[in-house]
Amino acid sequence: MSHHDFHHLTEGNARVALVSDTATYTYGEVNSRIDRFATGLIGGEDDLREERIAFFLLASLDYVTCLHGVWRAGGIAVPLNVASAVAELEHYLSSAQVTRMFAQAGAPDELRELCASLGIKLLTVDEVLTDEAGDLPEIDPGRRAMMLFTSGTTSKPKGTVSTHQTIRAQITTLIDAWCWTEDDVIPLFLPLHHIHGIINILSCGLWAGARVHLFAGLDIPRVTAEVAANVYNVFMAVPTVYVKLIQYLEQQDEQEVEAVCAGFKAMRLNISGSAACPVKLFEQWRDLTGQVLLERYGMTEIGMGISNPYVGERRAGYVGQPLPGVEVRLFGEDHREIHGEGNPGEIRIKGDNVFLEYWGNEEATRKSFVDGWFCTGDMAVIEDGYYRIMGRTSVDIIKSGGYKLSALEIEGVLLTHEDIAEVAVIGSEDEVWGEAVTAFVVTKNGADLDYAELKNWCNERMSSYKIPKYVKRLESLPRNAMGKVTKPSLKSIPV
Ligand code: MLC
Ligand code: AMP
């Protein structure tokens with residue numbers, strides 16, 4: 001990917017690219033700001049040479065300036081979760097060896113102190129912008145472009161590195177498959193440290209020359225008001241958002257419901273992904289709005305892999321077929337390929353869309369590929385030509401509201417609590433979140449655990465969405481003969 005690929009981001013282009021609470025920005029304005037930022041970033045040098053530049057920004061002109069500015073200047077963009085706890089940020093910043101970090105003016109003291117202790121320069125975008133754009137390097141597409149932290153089967157999140165070419169492949173596949181055009185208008189309320197927001201919405205939108213409405217987070221009354229005013233023609237979200245929209249509409253008067261549903265109905269596309277869309281939700285959304293949700297399957301390491309068709313039957317409970325350019329196969333535990341319909345196997349992926357490496361973790365990178373195939377850890381089966389996701393190979397991965405969470409990471413933090421002797425974290429089925437983080441704990445000397453106190457304690461140590469929704473005290477954890485906690489048996493314990 002070179003910045004020439006985003007061919008609407010050019011000097012003087014008067015099309016509107018971004019709409020925020022307070023302003024609209026044309027492609028030409030955004031482009032000029034990116035160039036001036038990239039120029040300032042490079043300073044007297046000719047190329048950032050993959051310097052890791054982090055940014056701690058909500059969806060905004062500054063965010064887009066940072067992302068593209070770092071790309072144009074030859075750095076690696078490290079967008080951070082703005083809801084992170086300090087301990088989490090410390091892990092991201094130190095493991096990525098970040099040197100500069102961008103945040104809004106007046107960043108909290110905690111962030112300042114953290115950056116100071118790690119020797120990271122904390123800056124605002126305005127401080128770096130130059131008056132004029134200077135020369136920028138030509139970037140080889142094989143170079144590293146972005147690092148996103150993803151939780152997995154290791155206790156600490158890993159930095160998933162994609163190249164300019166990876167990102168280009170991920171975007172162009174979706175531009176074609178979902179028929180993006182410059183007439184599209186889409187709201188962006190998902191977080192911008194994951195590919196759903198970064199690639200599927202923001203990058204596809206800007207690549208297509210479309211208009212992207214930026215929100216600081218999910219603000220249902222505001223989003224639905226815009227929907228009712230027929231502002232959008234494309235809508236992308238995680239299943240939890242559709243659940244929340246339905247719950248919200250149940251509280252509104254008939255007239256408002258009608259207007260919002262008509263707004264959704266008139267759109268050309270509604271997509272659900274990042275977690276399983278229950279058949280019931282698919283049907284509720286179709287009955288309410290007339291929209292047949294297009295469900296697709298993806299992952300930080302691969303972008304989007306499998307999608308229901310834009311034209312053709314979108315089947316409830318299925319994710320469709322491999323996207324063009326993405327090779328998808330199913331494999332058994334013995335690494336032999338599974339052929340034919342009805343036989344489950346692990347999804348493995350090849351293609352230009354696949355990431356390069358986990359930053360500084362050769363071993364994890366090596367282990368995640370077998371014979372050149374990236375092993376997703378998701379099980380699937382093909383039925384009547386459509387893939388159906390069956391679940392994950394690991395019980396230690398939880399999907400809550402579209403966020404992938406590591407049970408081991410949450411257990412690791414809980415174990416540092418003075419009253420907790422043992423803990424096992426699982427995802428329990430939940431109508432709103434898909435899976436809800438649930439902790440089974442054995443306390444020290446039978447100590448009581450007050451949920452509200454524990455939640456406060458957690459708040460200082462982890463992003464709030466990782467905090468267990470349910471905590472259940474047990475006398476002991478169920479273990480097998482090897483002494484390992486039998487997590488599947490915990491699923492049947494009522495909380
Ligand atoms: C918020 N909360 C959550 C949560 N999100 N709890 C569990 N799981 C979540 N996902 C909690 C907060 O901690 C808070 O708790 C309360 O809900 C209100 O917080 P909020 O921020 O106001 O919530 P809301 O705006 O309603 O957020 C819901 C959401 C958000 C669905 C919009 O979770 C979200 O943006 N999820 C999408 C994540 C995403 O982009 N995933 C894609 C990964 S990429 P309290 O107790 O303090 O009130 C990927 C690949 C692919 O998966 O295929 O796309
Ligand atoms: P992440 O690592 O946050 O990118 O999350 C990727 C994971 O989300 C995948 O490995 C799947 O487990 C899950 N996922 C994404 N889309 C779907 C879907 N449509 N159905 C079921 N699971 C999904």
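About 160 Å³ of space lies in the largest cavity of this predicted model, where a cavity is a set of points, on a 1 Å grid over the protein atoms alone, at which a 1.4 Å probe fits but cannot get out, and where a volume is the space filled by probe spheres set on the points, these being joined across faces, edges and corners. Of the 16 residues that line this cavity, Tyr 92, Phe 149, His 193, His 194 and Tyr 465 lie nearest its centre, a lining residue being one with an atom within 4 Å of a point. Strand E7 (144-150) and strand E23 (403-406) are the elements that give two or more residues to that lining, strands being DSSP runs of E with at least two residues and helices runs of H or I with at least four, numbered from the N terminus.

Before I go on, a word on conventions: the model is predicted, so local features need pLDDT of at least 70 and side-chain atom pairs count only at pLDDT 80 or more, while totals for chains, interfaces and linings use all residues. Residues are numbered from 1 along each chain as its sequence is written, chains are lettered from A and ligands numbered from 1 in the order in which they are written, and side-chain values use heavy atoms, with hydrogens and water left out.

Let us turn to the cores. Which residues touch the most other members of the largest nonpolar core? Among its 109 residues they are Leu 18, Phe 102, Trp 178, Leu 202 and Phe 235, and the largest share of this core, 9 residues, comes from helix H7 (residues 195-208). A nonpolar core here is a set of buried Ala, Val, Leu, Ile, Met, Phe, Trp, Tyr and Cys residues joined through side-chain atoms within 4.5 Å, and buried means under 20% relative accessible area with a 1.4 Å probe, protein chains only. Apart from it lies another core, of 22 residues, including Tyr 92 and Trp 359.

After H11 comes Gly 290, whose phi is positive, near 80°.

Conventions:
Buried means under 20% relative accessible area, exposed over 50%, partly exposed in between (1.4 Å probe, protein chains only). On a 1 Å grid over the protein atoms alone, a cavity is a set of points where a 1.4 Å probe fits but cannot get out, and a pocket is an open set with protein on both sides within 12 Å along at least five of seven lines; lining residues have an atom within 4 Å of a point.
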